[in-house]
Amino acid sequence: MNDATTSLFSPDWSMLSLAEKDPFPVYDELRSRGDVVWDPGMRCWLILSYELCKVIESDESSYGGGGDTGSAALSHEIRGGRVSVTQLTGEEHARLRPLYLKVLSPSAMTQYRTEHVLPIVNDAIDQIQARGSAELVSEFAFVVPSRVMASLFGLPWRDDELISTIAKCHRNVVAWAYDQRSEDKIGQGKMASVELSNIFRPLIVKRRETSGDDLISQLWTLVPQYWANVEVGDVLSIVRDIAIASGETTTNAIANAIYLYLTNASAREAVKGQEGALNALVEESLRLLGSIQFRFRTANIDVSLAGVKIKRGDNICMVHAAANRDRSRYLHPHMVDLARKRPTDHLAFSVGPRMCPGLHLARLMIRECLKSLIARLPEVRLDDKRGPPRFRGFSHRSFGPLHVVC
C-alpha cells in the first residue's frame, strides 16, 4: 500500500491526499469500504460504483446542480453568465440543450475536421517534425484544442499570446469550479472571467451586425429558435460555456491517448492503419484515464444509496475514475482492451441530461491528433534520456511530460 493509502481507513482520510499521486490502487482499496464513502476533506459523499454514478446522473430531479457551493450570482459571474447549459436547470436547460447538440452535432464534424481541426493538427506536427523532438503535452495536446476553438469562433488561432491568455483564464475558472471555498480561486476566477468576456464580447457584438461563417455567427442565427429576446450577454454566456472545452479537459484527453499509444506495445501495433482499433484506443484512454476524474451533484431529497443515508443538501462526488474501472462492470478493468463489446459505455463524458454536448468534437480532436501523429511521425517514441511521465493533477489529470524523439 502506498503513502496515499496509509491512513485510508481513518475517519479523517480524504481523497484530497491523492493529488499528484496514482489514484487507482487507492480506489480499489477504498471500494472495500463500500460504494458510497464520506469524505470529510471534500465534504461530500464519494460514489465509486459505475451503476450508482449512472443512476445519479440520469436523475436530475433527485440529484441536481453541479456541487456549486457559492451564490448563484457568483457562479454566473465567473462562468460568464446564466444562459448556458452549465447554469440552467429544469425546463430552461431542456430548452437550450438542443442548440448545443445542433452546433456540435456529428454532422457538423465533417466541416469542422476539414476547416479547423486538420489545419491546426498538421501545423503543430510540421513544427515538431522540423525539430525532431518535442514535449507533446505543451507542444501538441495543449496547442490543438485551444487553437481549434479559437478558429471555430473566428479568432486568430496563430496568435500565441491570445491563445495562451485564453487557456490561462480557462484554467483559473476550472480551478475555482473545483474549489469554490478558496478566496484566492474566487478572485482569480473573477479576473479570468472579465478577461475572457473582454476577448469574446467585441466579436459577438460585431457578428450580430455582420454575419460570417464562424460559430458565433451560427449562434446568432440559431439561438432565437431556443431562447426568446436574445441579448449580447446571452450569446456571450453560451460562447463562454462552449469555449471552456478548449481548456484542460480535451488537452488531457489527447495527452492520455498519446501516452497509451507510446507505452502499450500491443495497442501501438494494433492501431497502425486500422481505424477501428484506433477508435477503440481512444475510448479505452477515455475510460482508463478520464481527463475529468470526478463530477459533483447535490441531493435534492433524502435518499439511500447502497444502504447509506444521504440527506437533502448533501454534496455528492461521482468518482468516474473509479467507476470506469469497476470490476462489476468491466472485465479486466485496468487493462487496455481494444475488443470491448461496448467501448463507448464509459463515463468520461457523463451520462443523462448533463452528458457533455461537445463529446463529438472532443473525440474528433483526440482521434485526429493520434491518427496524424501515427501517420506522420511513425517512429515517435518516448525519450529514454528524460524521466518517465507521471499522472499529474487532481480533478483533471493527464500523463506528462511526454518528451519524445521522432
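## Report on a buried histidine, ring pairs and strands

His346 is buried, with a relative accessible area of 4%, where buried means under 20% relative accessible area, exposed over 50% and partly exposed in between (1.4 Å probe, protein chains only). This is a predicted model, in which local features need pLDDT of at least 70 and side-chain atom pairs count only at pLDDT 80 or more, while totals for chains, interfaces and linings use all residues. Residues are numbered from 1 along each chain as its sequence is written, and side-chain values use heavy atoms, with hydrogens and water left out.

**Surroundings of His346**

His346 is placed in the loop between helix 15 (320–323) and helix 16 (359–376); helices (H or I, at least four residues) and strands (E, at least two) are DSSP runs, numbered from the N terminus. The side chain of His346 makes a polar contact with the side chain of Glu283 at 2.6 Å, and a polar atom of the His346 side chain lies 3.2 Å from the backbone nitrogen of Ala348. A polar contact is a pair of N or O atoms within 3.5 Å; within protein, one must be able to donate a hydrogen and the other to accept it, and residues adjacent in sequence count only if both atoms are side-chain atoms. Not counting residues up to four places away in sequence, His346 touches Glu283, Leu286, Arg287, Asn324, Tyr330 and Arg363, contact being defined as heavy atoms within 4.5 Å.

**Rings and charges**

The charged end of Arg287 sits over the ring of Tyr330, 5.0 Å from its centre, and that of Arg325 sits over the ring of Phe24, 3.6 Å from its centre. The criterion is that NZ of Lys or CZ of Arg is within 6 Å of the ring centre and within 35 degrees of the ring normal.

Rings of Phe, Tyr and Trp (its six-membered ring) pair if their centres lie within 6.5 Å, and planes under 30 degrees apart count as stacked, over 60 as edge-to-face and the rest as tilted.

| Ring pair | Centre distance | Plane angle | Class |
|---|---|---|---|
| Tyr178 and Phe296 | 6.0 Å | 55° | tilted |
| Phe294 and Phe296 | 5.7 Å | 75° | edge-to-face |

Tyr178 lies in the loop between helix 8 (160–177) and helix 9 (183–209) and Phe296 in strand 5 (residues 295–299), so their pair ties together parts that are 118 residues apart in sequence. Tyr178 counts as partly exposed at 27% relative accessibility, Phe296 is buried with a relative accessible area of 14%, and Phe294 counts as buried at 1%. Ring pairs also link Phe24, Tyr27, Tyr259, Phe391 and Phe399 into a cluster.

**Strands**

Phe391 stands opposite Phe399 in strand 11. Strand 10 (residues 390–393) and strand 11 run antiparallel and are joined by four bridges, forming a hairpin with three residues between the strands; two strands pair if DSSP finds at least two bridges between them. From strand 11 (residues 397–400), Arg397 and Phe399 point one way and Ser398 and Gly400 the other way, and all are buried.

Elsewhere, three strands form an open sheet in the order 4-12-9 with antiparallel pairing. Strand 4 (133–135) and strand 9 (381–382) stand at the edges, each with a single partner strand, so one side of each is left without a neighbour in the sheet. Three bridges join strand 4 to strand 12 (residues 403–405), and in strand 12 the bridge partner of Glu135 is His403.
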